[in-house]
Amino acid sequence: MKYNKIFTLALSLIVAAAAFAEKQTPEERGKADYSSWLPAQGNFSVGFSLDPLATFVGNLFANGEGRINALTNLAGEPMLNQQIEDRLGRPMASIMGTYMLTDELGLKANIGFGYSTKTENAYVRNDAAYFDDPWSTARVTDSRKFQSATGSIALGVEYRVGKRLPVQGVFGGGVNYMFGETSYQYTYGNAITELNQQPSQSAQMPGWVEVPTFNSNAFMSARILSQSAANLIHMVGLYGSVGVEWFVAPKIALGANVNLALYYEVNPARATQYEGWNRITETAEDYTELVSPANHGFHFGTDNIGANLYVNFYF
């Protein structure tokens, strides 16, 4: 696996650094100059999260059900806290990077994005053919299309403290935007007509709404055309971080950090679109039912966002 390679490299660097430090006397370690190991003006970095590795190692020593002894993608960790991840879903990974404006000050970016779409098709009886010939085996196709998009974009700055030791304090902050959206779109092979006001449809599709809440006088029944899930949400906010980086080799560092975050959440209004036979107008019509008004609120606290355990490579 890809992650085994980065784990092996990181572990080898730690062992090598520890062995090198063991050979030095306290006086030699005190006089050593590690400035060439540290990032300098004009350097940029690419970071890889070690959080999945920590979970993997922890699960090796865990007992009970539910542990996952698997390593995930070699990549950065998206800038999402647990609350956001539970509601938005999660990008598969992210790109982590830093550009050093000076030896101490750098620009940071963390960009993650994920998109998926899936169309499920199912055969159902062709009602028009069945009415003409009850023995007909003709079929039409019902379809359901699922779409999901999640992402996070974080931009900020960091300031580094320490020049002689192979360990630097790293303090930073910035802005963060996150979003997530899930939707379903439905199409049906059998049309709604005056003679067939409740046509056949696949059992894989949502059932007919027998007594619609939106207009029971006009519609006896309806079927869903589109549906937005409850996790349609956007969040924007500020974050601050405090951490350390230990340079185990020139321009290669293992890092850890903790974060403080303030987010403003906007959950847009949601609606579901139906179609059915309108008994008043005597036509097939679409109708949009309002499901939930827009909601909003703040979140503030210490969160594990981004890669809290990581390895950085500077170039």
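Biologist: Which residue in β12 is the bridge partner of S45?

Modeller: Y314 is the bridge partner of S45 in β12. Keep in mind that this is a predicted model: local features need pLDDT of at least 70, side-chain atom pairs count only at pLDDT 80 or more, and totals for chains, interfaces and linings use all residues. Residues are numbered from 1 along each chain as its sequence is written, and side-chain values use heavy atoms, without hydrogens and water.

Biologist: Which strand is S45 in?

Modeller: S45 sits in β1, residues 44-49. Strands here are DSSP runs of E, at least two residues; helices are runs of H or I, at least four residues; both are numbered from the N terminus.

Biologist: In what sense do β1 and β12 pair, and over how many bridges?

Modeller: Antiparallel, over five bridges. Two strands pair if DSSP finds at least two bridges between them.

Biologist: Is S45 buried or exposed?

Modeller: S45 is buried, with a relative accessible area of 4%. Buried means under 20% relative accessible area, exposed over 50%, and partly exposed in between, with a 1.4 Å probe and protein chains only.

Biologist: What is S45 in contact with?

Modeller: Leaving aside neighbours within four places in sequence, S45 is in contact with M96, G97, T98, N312, F313 and Y314. Contact means heavy atoms within 4.5 Å.

Biologist: What about β12 itself, how many of its residues are buried?

Modeller: Five of its six, so defined by the under 20% cut-off. The strand covers residues 309-314. β12 also joins β8 through five bridges, and those two run antiparallel. L254 stands opposite V311 in β12.

Biologist: Switching topic. How many cavities does a search of the whole structure find?

Modeller: Two of 30 Å³ or more. A cavity is a set of points, on a 1 Å grid over the protein atoms alone, where a 1.4 Å probe fits but cannot get out; lining residues have an atom within 4 Å of a point. Points are joined across faces, edges and corners, and a volume is the space filled by probe spheres set on them.

Biologist: How much space lies in the second largest cavity, and which residues line it?

Modeller: About 50 Å³. K108, V170, S241, V242, G243, V244, A256, N257 and Y310 line it. Two elements give two or more residues to that lining: β7 (233-249) and β8 (252-267). β7 gives the most, with four residues.

Biologist: How does that lining divide by residue type?

Modeller: Five nonpolar, three polar and one charged. Nonpolar is Ala, Val, Leu, Ile, Met, Phe, Trp, Tyr, Cys and Pro; charged is Asp, Glu, Lys and Arg; the others count as polar, Gly among them.

Biologist: And the hairpin, which strands form it?

Modeller: β9 and β10, with four residues between them. E282 in the turn has a positive phi of about 55 degrees. β9 (residues 270-278) and β10 (residues 283-292) pair antiparallel over nine bridges. G276 has E285 as its bridge partner in β10.

Biologist: Last one, the whole chain. What does its secondary structure come to, and what share of its residues is buried?

Modeller: Five helices and twelve strands. Of the 315 residues, 43% count as buried. Among contacts with a separation of 6 or more, residues 24 or more positions apart account for 72%.

Notes: 1 Å grid on protein atoms, 1.4 Å probe; cavity = no way out; pocket = protein on both sides within 12 Å on 5 of 7 lines; lining within 4 Å.
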